[in-house]
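This report goes through a few parts of one structure. Please look at the sequence and the 3D view first.

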Amino acid sequence: LGEQQTQLVYVEALLDDQRLTQAIHFKMLANLFLAEGLPFKAARLLKENIEGGVLDDSIENLELLSQAWYSAGEIDEAWPPLATAAELSEDGELYLRQAGLHLDAYRWGAADTAAASAIDKGGLDREGRAWLIRGMANVRLDKLDEAANHFKRAASDPASKDYAEQWLAYTINEQRSQQVVANR
């Protein structure tokens, strides 16, 4: 009936009274917390119930836990469940998401490694994005030749072509600048 806040109040009261016992109830409550802008509560609830064995450590639950920690601004807490989910997943999409998190946190080496794992695992909807992340990480690591190669691969994907070409042009200019400095 669109009364999500009322539902949250009632379900949280059941939690406080220890009347929630089934995994589906805890997962529903975690989703309600997220929907109502309470990601820290969702993350704590999910973590406690995964560690306590009430919720299984499935890809879906680990991904939700990672999302909750990320939404709560707890980036360091978001990585471990996402890494485990990525290992369990049949495709590389979660490794790609992990690479994006590392890139956002200025962890260039980890971003490159996770994007490489995404490519290796395969099944990506947008493989060009993985090559783009690898290129951006390698620029930051001052591995400009590798970065240029990654941007060329990214440019072969129509969805990332424009951005990859911009980064490639930037990388080529940086290589030229370094050559000028080296020749002085």
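## Basis

This is a predicted model, in which local features need pLDDT of at least 70 and side-chain atom pairs count only at pLDDT 80 or more, while totals for chains, interfaces and linings use all residues. Residues are numbered from 1 along each chain as its sequence is written, and side-chain values use heavy atoms, with hydrogens and water left out.

## Helix α2

Helices are DSSP runs (H or I, at least four residues) numbered from the N terminus. Helix α2 covers residues 23-35, which is 13 residues. From first C-alpha to last, α2 reaches 18 Å, close to the expected 18 Å; the expected span is 1.5 Å times one less than the number of residues.

Buried means under 20% relative accessible area, with a 1.4 Å probe and protein chains only. In α2 the buried residues are Phe26, Lys27, Leu29, Ala30, Leu32, Phe33 and Leu34.

## The largest nonpolar core

A nonpolar core is a set of buried Ala, Val, Leu, Ile, Met, Phe, Trp, Tyr and Cys residues joined through side-chain atoms within 4.5 Å. The largest one has 49 residues, of which Leu46, Leu132, Ile133, Met136 and Phe151 touch the most other members. Helix α8 (residues 127-140) gives the largest share of this core, seven residues.

## Leu103

Leu103 lies in helix α6 (residues 93-104). Leu103 counts as buried because its relative accessibility is 14%.

Contact means heavy atoms within 4.5 Å. Not counting residues up to four places away in sequence, Leu103 touches Trp108, Ala111, Ile133, Met136 and Ala137.

Note on methods:
Helix = DSSP H or I, 4+ residues; strand = E, 2+ residues; numbered from the N terminus. Buried < 20%, exposed > 50% of the residue type's maximum accessible area, 1.4 Å probe, protein only.
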